[in-house]
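Colleague: Please walk me through this one. Keep it quick.

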Amino acid sequence: MKNATSSQPTTSLPPLNILLTGVGGQGTILASNIVAEVGVALGYDVKKAEVHGMSQRGGSVVSQVRWGRQVFSPIIPPGEVDFLLAFEKLEALRALHYLRPGGQLIVDPHAIPPVTVTSGDAHYPDDDAIQAKLARVTPHVHWIPGVTIAEELGNAKAANVVLLGAFSALLGHAPDQWLDVIRQRVPPKYMELNERAFRRGRELIQTERE
Amino acid sequence: MKRLLSGNEAVAHGAWEAGVSVAAGYPGTPSTEILETFARFPHVYAEWAPNEKVALDVAIGAAYAGRRALATMKHVGVNVAADAFMYAAMTGTEAGLVIVSADDPSMHSSQNEQDNRQFAKFARIPCLEPADSQDAKDLTIAAFDLSEQFDTPVMLRMTTRICHTSTPVEVDARRQEHPPLIDKYPRNPAKYVMVPANARKRHPIIEHRLEDLAAFAESFAFNRVEMRDRALGIITGGVAYQYAREIFPDASILKLGMTYPLPQKLIRDFAGRVDRLIVLEELDPFIEDQVRLMGVTLWPEQVAYPHTKSIFPITGELNPAIVRQSAQAAGLLPDAGDAEEAGASATAASPQPLPAGQKIRGNGDLDLPARPPVLCPGCPHRGVFYILHKLKVPVNGDIGCYTLGVVPPLSAIHTTGCMGASIGVAHGAAVAGDKERHVAVIGDSTFFHTGIPALLNVAYNRSNVITIILDNRTTAMTGHQANPGTGKTLQGQETTEIEIEPLVRALGIDQVVTIDAYEVEAIEKTLKQWLKQDGPAVLIAKHACALLPQERRKYVALEVDPNACNGCTICFRIGCPAILKSDQLDPKYHRPLAEIDPLLCTGCEICARVCPRDAISFRDQVVHLHFEA
């Protein structure tokens with residue numbers, strides 16, 4: 001049983017694990033498609049996993065993307081996500097156990113109260129509780145007001161691309177490859193909006209570092 | 001060229017490259033995108049059939065006629081198609097026939113969890129299982145060759161994580177030339193007319209075919225040994241192969257691309273080359289039972305009857321955390337001390353270790369409000385369920401978005417089993433003499449699927465069932481597929497738009513009305529009247545799904561007049577995500593007033609219609625207000 005006991009891959013570096021989460025209608029799947037295609041463009045083996053159907057009718061949406069030299073499981077084990085992108089802050093909490101302690105969290109402070117809250121049966125956690133909870137897992141919490149910025153730019157639907165911009169900056173990537181992939185994925189008439197949204201997201205990370 | 005494709009897209013590409021000319025199916029998660037992708041290729045015919053049984057008959061018919069054919073469905077669709085599945089296994093076909101069964105371990109979008117590899121064994125046909133999208137494409141092509149070589153239908157068994165995971169695939173733009181394999185439609189009753197005398201002769205043939213397939217499996221290129229360290233050997237297939245590589249990177253692996261019938265000699269040889277042999281598979285101990293039956297020693301040697309699956313859970317989908325914890329619990333891996341972090345408590349002996357994804361969710365100390373799926377804002381089903389809840393009648397439900405009528409506060413559905421079950425189950429209660437009058441609720445696509453014979457039965461055997469057909473002009477749950485009521489085919493052709501009311505009348509039911517689904521007052525009045533009468537009655541609540549483009553263009557956000565609202569809570573009871581409790585309290589009763597989220601509201605007016613104080617504006621009032629402002 002010499003090496004069947006090892007759980008460390010011996011052949012390659014472990015993959016980069018990215019988890020995207022949001023509420024149905026926020027563009028979580030589109031964002032994960034972009035992340036996956038960027039991975040392919042960068043020459044990685046890529047797996048992207050998501051669930052369709054009933055679980056999406058206004059419910060939480062989770063998509064997982066892994067980039068690596070060779071990727072096996074499409075599902076990321078809890079505690080092993082390197083980058084968690086949350087398009088809604090309650091969903092950030094819901095997916096938090098996936099994040100590696102000390103991992104990078106990009107979260108939109110936007111709140112979409114679930115029906116359990118609007119019906120008065122449950123309470124939406126307040127910001128102090130959310131921040132305390134996030135801080136217990138990682139100091140690297142990047143609050144990116146994607147919805148606010150996208151509304152300023154004229155269309156709240158571009159919020160997901162603001163967060164992708166922030167993500168690309170955290171990875172230290174130049175914008176070009178990302179914008180090329182976005183160009184292939186969005187209708188031409190929305191490209192200018194998306195490019196501005198993407199660059200605003202990058203600027204926020206750059207400002208953070210100054 | 002490599003492209004990122006989902007498993008479903010990869011199957012469609014494989015089918016096209018393999019020269020498939022006819023494909024048929026019925027939408028069902030996680031299978032739907034196979035046919036949607038295939039339908040866009042040139043020189044192919046693809047259709048949504050009313051149900052899976054019809055779809056499979058169509059594919060069999062095309063394959064009898066010498067054309068390669070594909071049938072796609074979710075796992076429970078194979079139940080519907082089982083009759084056709086079994087005779088096709090008996091007759092074989094002239095050209096290749098492949099049936100895709102897309103199983104849904106963990107039931108992300110299904111009513112039950114079943115391992116359809118058992119169906120392949122049941123019918124004595126081969127079962128192929130891809131482990132990623134490249135595999136899905138390659139095995140699809142291999143399946144057609146296998147089908148023709150052995151004159152057998154082939155099952156391509158997918159699971160949610162294969163269907164909906166995207167991985168890079170080498171895409172070949174070339175299509176195999178596949179002219180019809182026959183010049184003339186076969187006149188071969190001994191093979192194709194399954195009267196008892198012929199069927200009795202066919203049965204031994206398919207048993208011999210199974211022996212030939214088992215022999216072929218020994219050299220099938222997709223059954224592959226990967227020798228690494230000999231201390232541990234793993235027999236695996238499908239998505240479980242990926243978990244095996246992830247968690248046991250040094251183990252030797254026998255990856256089975258064909259999980260029925262098994263390559264006995266290959267398995268025995270592999271067993272002889274490793275110190276300890278295990279099987280890693282999702283759901284049933286399908287491979288494991290067969291391997292033990294061969295007399296091959298697996299680790300652990302003893303299993304408990306009737307749960308003969310060792311080490312890994314028999315329920316729910318696997319994932320790396322569950323595989324690791326199960327292996328630790330069984331003593332295959334040392335405890336890494338991180339078991340509790342992943343939250344699972346699997347043990348080798350337990351038949352029901354974890355509802356996967358459930359215990360793994362949740363976040364310890366902070367109690368998070370759930371975000372369950374709900375009927376969308378503007379959903380035309382909402383009003384009907386609000387009325388049914390109010391009338392307190394027993395409701396037998398069906399499969400579709402409208403199954404969400406069970407969720408509070410609507411709480412209006414009391415049974416849901418399978419496609420088309422609502423009407424038969426309601427009829428059963430009626431003929432059993434249940435004191436309450438039953439209401440069956442079924443969607444338009446589900447009515448076309450299996451509701452029609454059940455309603456015919458209500459008419460023929462004269463029961464007191466009230467049937468409500470929720471006609472939203474589409475197959476909404478699976479993503480707006482066309483159906484016989486939409487006037488469009490899968491490939492975008494204009495076609496006859498089947499009208500439900502004349503169809504219901506033709507079945508022999510006289511008491512039929514069609515009402516706009518947003519007209520809650522009229523629906524309530526009609527149902528109240530019918531509840532006092534006897535005999536079958538059908539209400540067609542018709543309004544297009546609020547997510548369809550033509551409906552989206554009509555969105556107008558309604559408004560609450562805070563001076564008229566007194567917080568009575570009636571509008572909260574329709575369970576609309578666009579209606580919020582505001583921070584403002586009614587001065588007299590100190591109850592929160594209603595508020596409407598303008599980004600979510602579509603202006604369906606159901607809330608305005610149920611408001612007893614006329615505190616919610618109707619569409620024309622909103623337009624008027626804004627015009628004056």
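Modeller: Terms first: two strands pair if DSSP finds at least two bridges between them. Strands (E, at least two residues) and helices (H or I, at least four) are DSSP runs, numbered from the N terminus. This is a predicted model: local features need pLDDT of at least 70, side-chain atom pairs count only at pLDDT 80 or more, and totals for chains, interfaces and linings use all residues. Residues are numbered from 1 along each chain as written, chains are lettered from A and ligands numbered from 1 in written order, and side-chain values use heavy atoms, without hydrogens and water.

Colleague: Fine. Which strand of chain A is joined to E8(B), and how do they run?

Modeller: Strand E2 of chain A, residues 45-50.

Colleague: How many residues does each chain put into the contact?

Modeller: Chain B gives 60 and chain A gives 64. Contact here is heavy atoms within 4.5 Å. The buried area is about 5,200 Å², with 59% from carbon and sulfur atoms. That is the accessible area (1.4 Å probe) lost on being put together, summed over both parts.

Colleague: How many salt bridges cross the interface of chain B and chain A?

Modeller: Four, by the rule: a side-chain nitrogen of Lys or Arg within 4 Å of a carboxyl oxygen of Asp or Glu. Glu91(A) and Arg371(B) make one such bridge, at 2.5 Å, N to O.

Colleague: How many residue pairs are in polar contact there?

Modeller: The rule finds 10 across the interface, both residues at pLDDT 80 or more. Elements giving two or more residues to chain B's side include helix H8 (160-163), strand E8 (165-170) and helix H14 (320-330). H11(B) gives the largest share, five residues. By type, that side of chain B divides into 31 nonpolar, 14 polar and 15 charged.

Colleague: Switching topic. How many aromatic pairs over all chains?

Modeller: There are 15. Ring centres of Phe, Tyr or Trp (its six-membered ring) must lie within 6.5 Å; planes under 30 degrees apart are stacked, over 60 edge-to-face, the rest tilted. Phe167(A) and Trp178(A) have centres 5.7 Å apart and planes at 85 degrees, so they are edge-to-face. Phe167(A) is in helix H6 (159-170) and Trp178(A) in helix H7 (175-185) of chain A, so the pair ties together parts 11 residues apart in sequence.

Colleague: And how many salt bridges over all chains?

Modeller: 42. One of them joins Arg200(A) and Glu152(A) at 3.1 Å, N to O. That pair links distant parts of the chain, 48 residues apart: Arg200(A) in helix H8 (191-209), Glu152(A) in helix H5 (146-153), of chain A.

Colleague: Backbone next. Which peptide bond to Pro30(B) is cis?

Modeller: The one from Thr29(B), omega near 10 degrees. Pro30(B) sits in the loop between strand E2 (22-25) and helix H2 (33-38) of chain B. Tyr260(B) to Pro261(B) is also cis, with omega near -15 degrees. Pro261(B) is in the loop between strand E12 (258-260) and helix H12 (264-273) of chain B.

Colleague: What about phi at His43(B)?

Modeller: Positive, about 60 degrees, although His43(B) is not a glycine. His43(B) lies in the loop between H2 and strand E3 (45-48) of chain B. Most residues other than glycine have a negative phi, and most peptide bonds are trans.

Conventions. Buried area = accessible area lost by both parts, 1.4 Å probe. Polar contact = N/O pair within 3.5 Å; in protein donor to acceptor, adjacent residues only side chain to side chain. Nonpolar A, V, L, I, M, F, W, Y, C, P; charged D, E, K, R; others polar.
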